[in-house]
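Here's a quick tour of what sits inside this protein. Have the sequence and the model open as you read.

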Amino acid sequence: MTDLDDAQSLRLADPQGMLDAVLGLPRDCRAAYDSARLAEDLPSASDVQSVTFCGMGGSAVSGDLVRSVFVERLGVPVEVNRSPVLPEHCGTRSLVVCSSHSGNTAETLSSFRSALARGCRVLVVTSGGSIAEEAADAGVAVVRVPAGYQPRAALGHLGFASLGALEAMGLLPPLADDVAETVAEIEALFAALGPDIPTADNAAKALAGRLGARVPVIWGADGIGSVAAARWKTQVNENAKRPAFWSSMSELDHNEVVGWTQPFGGDFAVIALRHEGEHPELGPRFPLSYDIVRDAGAQLEEVHAIGASTLARLMTLIAIGDITSVYLALAHDVDPTPVPVIERLKAALAGP
């Protein structure tokens with residue numbers, strides 16, 4: 001077990017610097033948004049009837065961000081496509097945003113090529129790779145983000161580059177104030193949750209310690225809460241290298257709650273992500289559902305968003321989850337950066 005309050009031990013346990021990458025989130029958000037607003041040759045938003053984000057893994061979360069934060073502010077539907085098959089409705093009046101940090105994600109490349117063939121309006125957000133080359137050949141706009149990140153650690157770049165580009169196209173309203181608030185709130189969070197803050201005063205370190213060997217199940221209210229819950233789940237998977245699951249309220253009250261029975265709850269910890277602005281029909285369900293999981297023997301934790309804007313609330317929930325997942329990894333002597341299982345899968349799929 002690594003002592004989370006020993007700075008030298010933390011650095012030794014994190015040789016590739018995932019903790020530093022997480023702490024760079026507010027800087028990345030600001031830089032990507034400012035840069036993308038100045039992007040040139042973006043596709044026309046005139047008469048766009050739908051927006052489809054295509055991506056996988058961490059690169060797809062930018063689509064979840066736009067869809068959940070701006071669902072009540074966009075006049076067109078937004079969907080996130082985690083598939084090599086581009087939805088049939090995508091056509092000449094559709095904007096297809098292809099997000100791939102590496103630029104070599106097979107599923108995203110497949111959707112990108114289909115979008116070109118159908119005459120969709122296409123925007124690529126990437127650090128390079130095959131998709132950047134093919135976009136250049138086709139005259140498609142590319143918003144570049146820095147290389148050298150694990151895709152899951154590039155959310156600030158990918159997500160806020162998408163926001164800046166969509167604002168520049170006129171699909172999103174001016175976001176400078178929301179972005180500034182989001183950056184400031186995450187900076188304040190990390191000042192309180194950073195590696196130099198001892199566990200006794202550090203909510204993220206303390207949560208990682210309380211989780212122990214339990215399997216996290218993350219709950220969030222439908223909308224930004226469920227997007228943050230899904231992000232927490234995948235961050236625990238990839239950083240801490242352990243199973244984790246997520247559910248959306250109130251869907252979980254129509255099925256999952258039935259499974260919270262003795263003796264099965266004892267191996268799990270439910271982490272409920274809460275935020276101001278939850279739908280009034282969803283908020284009251286949380287405490288009632290807490291009683292059910294407690295009776296099953298599960299540990300219960302609650303984490304609250306910070307901020308006035310929907311964007312800040314989502315991103316602060318994500319930031320807390322990101323840093324907690326790294327502390328969870330380091331506390332159990334797990335290097336948070338490499339993902340050898342994914343690399344083995346890729347190698348096997350590529351064949352001899």
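## A serine in a strand

S94 belongs to strand β3, residues 94-100 (helices, H or I with at least four residues, and strands, E with at least two, are DSSP runs numbered from the N terminus). Before going on, a word on the model: it's predicted, so local features need pLDDT of at least 70 and side-chain atom pairs count only at pLDDT 80 or more, while totals for chains, interfaces and linings use all residues. Residues are numbered from 1 along each chain as its sequence is written, and side-chain values use heavy atoms, with hydrogens and water left out.

S94 is buried, at 4% relative accessible area (buried is under 20%, exposed over 50%, partly exposed in between, using a 1.4 Å probe and protein chains only). Its side chain makes a polar contact of 3.1 Å with the side chain of S50 (a pair of N or O atoms within 3.5 Å; within protein, one must be able to donate a hydrogen and the other to accept it, and residues adjacent in sequence count only if both atoms are side-chain atoms). Setting aside neighbours within four places in sequence, S94 is in contact with S50, H89, C120 and R121 (heavy atoms within 4.5 Å).

## A mostly covered helix

Helix α4, residues 61-69, has eight of its nine residues buried. Those are V61, S62, G63, D64, L65, V66, S68 and V69.

## Cysteines

How many disulfides turn up in the whole structure? The search finds zero (a disulfide is a pair of cysteine sulfur atoms within 2.5 Å). C54 is in none, and its nearest cysteine sulfur, that of C98, is 4.8 Å away. C54 is also buried, with a relative accessible area of 1%. C29 is buried too, at 0%.

## The cavity

There's one cavity of 30 Å³ or more, meaning a set of points on a 1 Å grid over the protein atoms alone where a 1.4 Å probe fits but cannot get out. The largest cavity holds about 60 Å³ of space, a volume being the space filled by probe spheres set on the points, which are joined across faces, edges and corners.

Its lining (residues with an atom within 4 Å of a point) consists of A21, V22, L25, R152, A153, L155, R231, Q235 and D322. Helices α2 (18-23) and α10 (224-240) each give two or more residues to that lining.

Technical notes:
1 Å grid on protein atoms, 1.4 Å probe; cavity = no way out; pocket = protein on both sides within 12 Å on 5 of 7 lines; lining within 4 Å.
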